[in-house]
Structure formats: C-alpha cells, structure tokens
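Work through the exercises below with the model open. Each task is followed by its solution.

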Amino acid sequence: PPGIRCDMAAVAAKQTPVSPGTAPHRHGDLVPDTGDDLLSQFVRPDFDSKVFVQKCIQQNTVADDHANLKQGIAVLESQLREQVVSHHGRLIEQVSHAKDLEELVNTVSAGVARLQSSLGSVKASIREPFEVVKDKSRQLDRLQVAGEMLRYVVRVREVSTKLQPLTAPGAMKGDAKGVKDLAQAATYVSELRNCMNRPDLHGVEEVDKRRKWLEDSELQVRGKATKLLLEALMMQNQQELGNALQVMQNLDGLKGAVMKAEAELVKGAREAVASALDTSTLS
C-alpha cells in the first residue's frame, strides 16, 4: 500500500550515508606506530603473557620493554577514547534506526523482507566500530597484564639484590647493626615471598630460579630470630625482645614464634625443677 511504502522510504532516508573515500578500519590500525612490532603481537590470537615476559628476560630488555608497554598503554587508552567518542553519535543513530525497523516488522507483514534487509545493513554499520572497540580493549588488557608481570619481575630482582648481602656468611651478627640487618632481611624475605607466590609468575624462569634460595634465606633469618628471641627472654632484655618480635612479625610468624619460645621456656623450667628435686644428686 502507498502508506507502507512511504513509511519504509522515510526509515531508509534516515540511514546515514557513508562518505565517499572513507577507508574502512583495518585490524592493523589498532596498533600504535612505535617503530617495531612490540605492540602488534598483543592482538595475535596465540598471544601468551608468560612467553612474552620470558622473551624480555632472555633478551635482557625488561626495563626498556616495560617503559614501551607503559607508553603503549597510554596511546591505546587515547585511541580507545577517540573511537568511542567519534562513533558515539553514529551508534546511537543506528540503534534508533534499528528500533524503527523492528516496529515496522511487527506492524507491516508485507514489508518484512525489506525491513530485514535494512536491519542487516544497520547491524553491519554498527559492527565495525564495535569490533574496533573490542579489539582495542583486548589489546589494552593484555598490555596491562604483561606490564604488571614485568613490574613484579623487576621488583623481585631489586629485592633479591638487597637481601643477598644480608644473608651472606658473617652477616647479621649479634650487635646492634646485626639486629637491624636481621629485621631488614625479614622484611625483604616477606616481600619476595608475596611476589613469588603470585600465580601469574609461576613458570617465569627469572622468578623460579630464586625460589630455593629464598627458602634457605627464610630458614636462616627465622633461625637467627628465634635464637635472638630465646636469648632475650633468658636475659630479660626488653629491647632485644622487642627486636626479635619485630623480626617475627615481618616474617608473618609472630604467633608461632611466641608459642615455640613458650614451649622452650616451659621445658627448661621443668628440667630445672626436676633436677632440683632429684634426691640422687643430694650428698
């Protein structure tokens, strides 16, 4: 009928024409121009963050790649914001057109075929900016994950370098400086343990090769702290006792250390009482 044809013509007239000479977005446009393919690999379907970090470590470019990733994140955030803003009006307009087409489908049975064709065209025009935003979001997420892993790998290196001289033979003596070094070593051990226990760092060679060394260092620091605690209790030295408890707190083992020290004191007291009351030793 004439009325139906007019309504459909009006809907078709609302569709936004594509400007001549406008090039469609290509998948490669998602990657900022950084002069190499560092960021392009984050859009590949087979991308693996652990493999990327391992490669950075093997090539000894952790610091440089970390800086490039931070720059890439900033560029991608800017491009993502630009895509959303530049297509906002178009998306809203096309959604409005889709609603008009759906209403015509429900009310005009004779125009179903033409309306479905128009709806498909509208969906195609919406899909393009949606895919751009989707791919950029995925790329940004991968950049952030890889950058976070590299940040922790760098931190593990730095803290390990600080801890090594504190656990060397002859370090952490019983003087005031030794007690201070013991407390500092406990802090480093705790931080390294927290970093290495992150699930995303399991399998990273730079981290895994330090795990056994960290276990040995923790046993060494915990043993010296336990000895310091017992000596402070026996000598009733409040300052040394406070230092020992602080070390145990840094190792996240304060409760266990106190219970162990209590057990040792009770055992010693029982042995002293038994020895004092042993009649076989009386002359």
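**Exercise 1. Describe the fold at the level of elements.**

Start at the N terminus: the elements of the protein chain run α-α-α-α-α-α-α-α-α. Count them: nine helices and zero strands. Helices (H or I, at least four residues) and strands (E, at least two) are DSSP runs, numbered from the N terminus. This is a predicted model, where local features need pLDDT of at least 70, side-chain atom pairs count only at pLDDT 80 or more, and totals for chains, interfaces and linings use all residues. Residues are numbered from 1 along each chain as its sequence is written, and side-chain values use heavy atoms, with hydrogens and water left out.

**Exercise 2. Characterise the packing of α7 on α8.**

First, the geometry. The axes (lines fitted to C-alpha atoms over the stretch in contact) of α7 (residues 211-235) and α8 (residues 238-250) come within 8 Å and cross at roughly 150 degrees. That makes the two helices roughly antiparallel, a term for angles over 145 on a scale from 0 to 180 degrees between N-to-C directions.

Next, the contact (heavy atoms within 4.5 Å). Residues of α7 including Val221, Leu228 and Leu229 meet residues of α8, among them Leu241, Leu245 and Met248.

How values were computed
Parallel < 35°, antiparallel > 145°, perpendicular 65-115°, else oblique.
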